Amino acid sequence: MRTTLRRAAALAFAGVTAVVVATGTAQAKPADTWAGCPYGAVCIYPQNQNPAVSPSHIYWTYGAHNLSNQVAITGC
């Protein structure tokens, strides 16, 4: 009786494993860009773009960046 139960359990496990292998793994893909800014980047857009379409500056690295002549506009 125990050997029959073990065989049934092994068969069930093999079936589940076969289904997992047949379906494959989920493919990870990067998120879409937003207003021309790639995923993982920080972008600065020129003034008077409504809606924002293409960035004037794209930064990929963490840390200090030279933002000379960039003006922050608030109160939109």
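Author: Happy to. pLDDT is the predictor's confidence in each residue, from 0 to 100. The mean pLDDT of the chain is 74, and 61% of its residues reach 70 or more. This is a predicted model, in which local features need pLDDT of at least 70 and side-chain atom pairs count only at pLDDT 80 or more, while totals for chains, interfaces and linings use all residues. Residues are numbered from 1 along each chain as its sequence is written, and side-chain values use heavy atoms, with hydrogens and water left out.

Reader: Where is confidence lowest, and where is it highest?

Author: Confidence is lowest in helix 1 (residues 2-23), at a mean of 58, and highest in strand 2, at 92. Over residues 16-21 the pLDDT is below 50, and beyond near neighbours in sequence this stretch has 0 contacts in the model. Contact here means heavy atoms within 4.5 Å. Where pLDDT is low, the predicted coordinates should not be read in detail.

Reader: Good to know. How many helices and strands are there in the chain?

Author: There are 1 helix and 2 strands, and along the sequence they follow the pattern α-β-β. Helices (H or I, at least four residues) and strands (E, at least two) are DSSP runs, numbered from the N terminus.

Reader: And how much of the chain is buried?

Author: Buried residues make up 8% of the 76 residues. Buried means under 20% relative accessible area, exposed over 50%, and partly exposed in between (1.4 Å probe, protein chains only). As for contacts between residues at least 6 apart in sequence, 5% of them join residues at least 24 apart.

Reader: Switching topic: how many disulfides does the count come to?

Author: The count comes to 1 disulfide, taking a disulfide as a pair of cysteine sulfur atoms within 2.5 Å. The disulfide joins Cys-37 to Cys-43, with 2.0 Å from S to S.

Reader: Which hand does the link of Cys-37 and Cys-43 have?

Author: The link is right-handed, with 90° about the S-S bond.

Reader: Are those cysteines buried or exposed?

Author: Cys-37 is buried, with a relative accessible area of 12%. Cys-43 also counts as buried, at 16% relative accessibility.

Reader: What does Pro-38 touch?

Author: Leaving aside neighbours within four places in sequence, Pro-38 is in contact with Thr-33, Cys-43, Ile-58 and Trp-60. Pro-38 sits in the loop between helix 1 and strand 1 and counts as partly exposed, at 22% relative accessibility. From Pro-38 to Ile-58, 20 residues apart in sequence, the C-alpha to C-alpha distance is 8.5 Å.

Reader: Nice. Now the backbone: where is there a cis peptide bond?

Author: A cis peptide bond joins Asn-50 and Pro-51, with omega at about 0°. Pro-51 is in the loop between strand 1 (42-44) and strand 2 (57-59).

Reader: What about the phi of Asn-48?

Author: Phi of Asn-48 is near 65°, a positive value in a residue other than glycine. Asn-48 lies in the loop between strand 1 and strand 2 and is exposed, with a relative accessible area of 73%. Phi of Asn-69 is near 65° too. Asn-69 is in the segment after strand 2, and at 79% relative accessibility Asn-69 counts as exposed.
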